[in-house]
Amino acid sequence: MKSVLKHFIYILIIFSSLSLSAQNVKLVKFDDVETFMNRQTDTTYVINFWATWCNPCVHELPNFGKLDSTYHNQKIKVLLVSLDFPKEFNTKLIPFVSKKKIQTEVWLLNDPDYNAWIDKVDPSWSGSIPATLVLNNKLKMKKFNEKELNLEELNALVKPFMSQNDHQ
Amino acid sequence: MKNKFKKTISLAAIPVLALLVMTSAKAPSGGYKVGDNARDFSLKNIDGSTVSLSSFNKATKGAIVIFTCNHCPVAQAYQDRIIALNNKYQSQGYPVIAINSNDPEAVAADSYENMKIRAKEKGFNFPYLFDQTQEIATAYGATKTPHVFVLQKEGNAFNVKYIGAIDDNKDDETAVKHKYVETAVNELLAGKKVSQNFTKAIGCGIKWKTAAATN
């Protein structure tokens, strides 16, 4: 009886740790990103464009994970849009997300005709990553920054959007 | 009073120093627009020779200048296509000239010695030049790898006719719909105006030297 309980506990631990670290990374087209950008809500959306092959992107990524706790209980949604090679979805992206325990939602944007949609994110965007877009459609506010952001810089970028909202 | 002052100054120095250390290398702004004349350059090739745009004997009608590097996976994905561009256009007067402007202190894989190795491995049949001072990337306004500038010879000048991506699919060569550079060069060879002279693409940012590294 004792050993059955032990095994049950082990299995429970394994399953719970698996569900904590796993997230379903969606494979999307730019239309999906555009739909997301156009959501008519009072939530502040933070969209970071990155890739596992981009070192400055990987370096700043943890800062985006901190936004949820910084703005706990406020209306903010962070989305990490990866421009990784689709053929490396399982070999590079998923292992990376799992290893780094990334809880923030990750999408793989499989829309390689970049020239067709870069300007829709921001006309000033040269195409280099990392790049971050912060927007709030209710407040009609939008800010785009094409550089690696340290925590201080990211917070400074997001803060004006959040201080406009009532704390609920 | 003096000691307190000293203490304040030394405490204040810490965040200032931290900020300086945290500051990443800044990309220069500016660069060429389509229609500008590109400056000449004289850069070291992987065979030890110096190649200059003005005296490169293959650049009879123009040149396909490509800022690229060793380490960037996007640049790597385009290596074969860059070789193919040279195979197609060098004999027609538009040779490829590849330039690596990355700071090897930032990425060891992009050192001159490693450039030689990569060129040999892949059988690069075009100059692969080392822009050690990053002057040329700065002058052109190259921001990432790969980044293409198609130049057409007009008298002694080299005029910029196209800036941007090689094509519209870094992931799958067989799924390419628009071969931007090929179309541009074909149009120039036919004496036509380039129909799409500017495109944007994703690539690895050029690794600029930090303030500490430059002297």
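Predicted model: local features only at pLDDT ≥ 70, side-chain atom pairs only at ≥ 80, totals over all residues.
Reader: Which helices pack at an angle of about 50°?

Author: Helix α3 (residues 55–70) of chain A and helix α6 (residues 151–162) of chain A do so, and their axes are 10 Å apart. Two packed helices are described by that pair of quantities, the angle between their axes and the distance between the axes.

Reader: What do we call that arrangement of α3(A) and α6(A)?

Author: The two helices, α3(A) and α6(A), are therefore oblique to each other. The crossing of α3(A) and α6(A) is right-handed.

Reader: Which residues of α3(A) and α6(A) meet there?

Author: From α3(A), Asn63(A), Lys66(A), Leu67(A) and Thr70(A) meet Leu151(A), Leu154(A), Asn155(A) and Val158(A) of α6(A). Sorted by class, this contact has 4 nonpolar, 3 polar and 1 charged residues.

Reader: New topic: what share of chain A is buried?

Author: Of the 168 residues in chain A, 31% are buried.

Reader: And what part of the contacts in chain A with a separation of 6 or more comes from residues 24 or more positions apart?

Author: Such residues account for 73% of those contacts.

Reader: How many residues of chain A are in contact with chain B?

Author: There are 18 residues of chain A in contact with 16 residues of chain B. On the side of chain A that touches chain B, 10 residues are nonpolar, 5 polar and 3 charged.

Methods: Residues numbered from 1 in each chain as written. Chains lettered and ligands numbered in written order. Contact = placed C-beta atoms within 7 Å. Nonpolar A, V, L, I, M, F, W, Y, C, P; charged D, E, K, R; others polar. Buried ≥ 20, exposed ≤ 12 C-beta atoms within 10 Å, placed from the backbone. Axes fitted to C-alpha atoms, helices over the stretch in contact; angles between N-to-C directions. Helix = DSSP H or I, 4+ residues; strand = E, 2+ residues; numbered from the N terminus. Parallel < 35°, antiparallel > 145°, perpendicular 65-115°, else oblique. Left-handed = near helix turned anticlockwise from the far one by under 90°.
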